[in-house]
Number of protein chains: 2
Amino acid sequence: MESKNSLESRLRAAGRRMTPQRKLILSILDQTGDHLDAEEVYRRAKQQNSNLNIATVYRTLSILKDMELIEQRYFARDHNVEYYESVNKGEHYHFTCLGCRKIIEVETPKIVQVQKEFSALTGAKFTHACVCFEGYCANCVNDEENLTL
Amino acid sequence: MESKNSLESRLRAAGRRMTPQRKLILSILDQTGDHLDAEEVYRRAKQQNSNLNIATVYRTLSILKDMELIEQRYFARDHNVEYYESVNKGEHYHFTCLGCRKIIEVETPKIVQVQKEFSALTGAKFTHACVCFEGYCANCVNDEENLTL
DNA sequence: TTGCTATTGCGAATCAATTGCAATAGCTGT
DNA sequence: ACAGCTATTGCAATTGATTCGCAATAGCAA
Ligand SMILES: [Mn+2]
Ligand SMILES: [Mn+2]
Ligand SMILES: [Zn+2]
Ligand SMILES: [Zn+2]
């Protein structure tokens with residue numbers, strides 16, 4: 001189990017401890033292809049460890065994010081809730097459909113290009129980009145047009 | 001005063017009323033080139049109307065945003081606070097320096113290109129994009145490298 | 001096993017933003 | 001100018017995701 005060892009050694013390297021809670025929470029995000037908020041991670045994890053507390057979920061998500069094992073995202077226009085996904089999936093961005101709430105992943109090199117251009121121009125160094133799109137997916141475009149009549 | 005009439009007629013068209021509070025709050029955002037959060041808008045507006053309440057500021061910002069007279073933004077990685085700016089400035093994006101907290105505006109056609117490509121590919125329709133970059137500006141890059149030693 | 005301390009569960013706290021409500025003030029029509 | 005309707009305001013209380021303090025617990029190195 002490569003990811004378990006990787007997790008353990010990376011935790012150790014940061015002076016942290018391996019706990020069943022951390023293993024569990026990372027495994028949930030590694031296995032699902034979805035984007036989960038803390039509440040949903042908690043719901044799923046609790047099925048396997050009924051003693052788990054949501055504060056532990058928040059603390060663990062924060063650590064896994066710092067260790068760059070998971071990515072934190074915002075979706076939709078009002079960023080009230082934080083979502084998480086495994087980093088395994090590589091660089092991509094997100095489109096949220098206001099009709100069906102589906103999240104579609106967008107792959108493009110153009111965002112990185114923007115960063116490179118701006119770096120070259122100003123000397124700035126990028127550490128993070130938050131990009132999220134909102135609109136109506138192909139299935140929902142028509143419904144939306146009817147609504148605005 | 002073109003913008004005042006524009007505001008008044010646009011409010012009327014939406015079945016809303018013109019109030020001194022709304023005039024004041026929009027004028028603050030129209031005059032400054034800055035990005036202000038509700039608290040700062042409130043602080044500035046209160047100097048001209050000491051009776052003003054912050055709930056009114058929040059409500060007004062929300063309405064002006066819906067009417068597309070101002071833009072709501074998030075900055076930095078943790079989107080705790082919402083900032084606002086006038087729409088007059090046209091399409092642009094933002095880079096936040098983690099060193100000096102300066103916000104640098106980024107102009108590029110590439111974000112719109114991403115949207116067009118994705119629309120052509122999938123048939124989706126975009127209504128909004130939230131793009132924010134984070135890193136270190138040219139002045140702060142060196143300091144940051146020294147810190148990580 | 002023991003001892004050190006990182007981590008957990010739990011409840012309370014945060015804090016930007018929202019909401020319910022009674023009083024007020026725009027606006028329309030007279 | 002006035003009356004009546006109702007959108008808007010000020011105020012106080014609430015929300016809700018996230019964070020924090022703390023005592024009990026559990027990793028892990030020796
Ligand atoms: Mn994704
Ligand atoms: Mn701007
Ligand atoms: Zn849809
Ligand atoms: Zn800087």
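Contact rule first: I count a polar contact as a pair of N or O atoms within 3.5 Å; within protein, one must be able to donate a hydrogen and the other to accept it, and residues adjacent in sequence count only if both atoms are side-chain atoms. The model is predicted, so local features need pLDDT of at least 70 and side-chain atom pairs pLDDT 80 or more, while totals for chains, interfaces and linings use all residues. Residues are numbered from 1 along each chain, chains are lettered from A as written, and side-chain values use heavy atoms, without hydrogens and water.

I looked up Arg17(B): a polar atom of its side chain is 2.8 Å from a base nitrogen of DNA strand C. Arg12(B) goes to a phosphate oxygen at 3.1 Å, and Gln21(A) has a side-chain N or O atom 3.0 Å from a sugar or linking oxygen.

The sugar and phosphate share is 67% of the DNA strand D atoms within 4 Å of the protein. Arg22(B) puts a polar side-chain atom 2.5 Å from a phosphate oxygen of DNA strand D, and Arg12(A) reaches a phosphate oxygen at 3.0 Å. Arg59(A) lies 3.3 Å from a base oxygen, by a polar side-chain atom.

Definitions and conventions. Near = heavy atom within 4 Å.
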